[in-house]
Amino acid sequence: MPESVLFWIMGPLAVVAAVGMLLVKKAVHSALLLAWVMVTLAIFYIAQGALFLGIVQVVVYTGAVMMLFLFILMLVGVDAADSLTETIRGLRPIAITAAIGFGGLMVSLISRATLGRESVGLDQVNAAGNVEGLAYLLFSTYVFPFEVVSALLITAAMGAMVLAHHQREVPRSSQRDLSEQRFRSGSLATAAGLPGPGVFARHNAVDVPALLPDGTAAPASISETLRTRGDMIDSAQFQLDQINTEVKDEK
Amino acid sequence: MNPTNYLYVSALLFTIGAIGVVVRRNAIVVFMCIELMLNAANLSFVTFARINGNLDGQVVAFFTMVVAACEVVVGLAIIVTIYRSRRSASVDDASLLKR
């Protein structure tokens, strides 16, 4: 009975989170919802007597894999790829129709298939402990796949290193080269470097563009990432005449 | 409780993942949907291990996790490489073969 309570609470939550993964706009939110689905699955594993897999699910998936996803999201940044507009016309209705067909097929298949006997349960094989049982299988029947998988892991690590390795084709330009380049580029406006963010003596956060002498904001003064994300704060509110500068009398 | 219920959840999660792979455009989200499909398959394996009363299904699920981890490592490295050369993580932009 406690298991069915657990299932009917966590199961719908998992499915709702998975649907939400498709609907939310930002990739970070998708990643968080997926992490939730994975935690739910870990709970399901533990409820079904797969204690070891449940722990591994939390450690490997929600710990390592989702961490890696968030890390790559941070590297790649937030860009227009997040938009939900469809580029191939009619793709979405076709995809959803096909998915409903596939899902309906699967569900009806599962509901119609019978095993002809009651489910056995893992009480007997888990009698000596789930980890012991898995270890026995892993190092006897499945010892060769186990070795192959270890080779696969090493190959994947090597592959990732090869792919991520970046050979510099031109030598890194020194500070002197960069300075000369700025002066020779024609415009002297940025010769001394781009302006820094913040309104002098008023607000120095990185998302507040600097004010030019004529009082307009200088968008070049804040990071491009913040600009694309739209996280720029209007700096006009920090202009001197906008702020109440009356000093209260202190007695 | 009848363990078949877990199979329904697994089928639903797999279907949702499949929709995501087709519909979403951000390569990372597509990749996460593939992970969802792998996880759904794992849930099936664990459930069948319970129905049949042996641990082989759990061992297969364990191997799937290892393979998924490898896949994530290589796949994300590819995404980063593509992003480095094209400045985009959208699957629509990597369409050189189309032209």
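Tutor: Residues 28-48 of chain B are 100% helix and 0% strand, with end C-alpha atoms 31 Å apart. Helices here are DSSP runs of H or I with at least four residues, strands are E runs of at least two, and both are numbered from the N terminus. This is a predicted model, where local features need pLDDT of at least 70 and side-chain atom pairs count only at pLDDT 80 or more, while totals for chains, interfaces and linings use all residues. Residues are numbered from 1 along each chain as written, and chains are lettered from A and ligands numbered from 1 in the order written.

Student: What makes residues 28-48 of chain B a "transmembrane region"?

Tutor: That label comes from an unreviewed UniProt entry, which also covers 6-23 and 60-83 of chain B. UniProt positions follow the numbering used here, feature names are shortened, and annotations may be inferred rather than shown by experiment. As for residues 60-83 of chain B, that span is 100% helix and 0% strand, its end C-alpha atoms 34 Å apart.

Student: How do you know that the length of helix 3 of chain A agrees with its residue count?

Tutor: The expected span is 1.5 Å times one less than the number of residues. Helix 3 of chain A has 26 residues, so it should span 38 Å; its end C-alpha atoms are 36 Å apart, which agrees. There is a bend of about 25° at Gln57(A), taken as the angle between axes fitted to the seven residues ending there and the seven starting there.

Student: Why is Ala220(A) called partly exposed?

Tutor: Buried means 20 or more other C-beta atoms within 10 Å of a residue's own, exposed means 12 or fewer, and partly exposed is in between, with C-beta atoms placed from the backbone. Ala220(A) has 15 such neighbours, so partly exposed it is. Ala220(A) sits in the loop between strand 2 (217-218) and helix 8 (224-229) of chain A.

Student: What is Ala220(A) in contact with, leaving aside neighbours within four places in sequence?

Tutor: Leu194(A) and Pro195(A). Contact means C-beta atoms, placed from the backbone, within 7 Å.

Student: What makes a set of residues a nonpolar core?

Tutor: Its members are buried Ala, Val, Leu, Ile, Met, Phe, Trp, Tyr and Cys residues joined through C-beta atoms within 7 Å. The largest one has 71 residues, and Leu34(A) and Ile28(B) touch the most other members. Helix 2 of chain B gives the largest share, 15 residues.

Terms used:
Contact = placed C-beta atoms within 7 Å.
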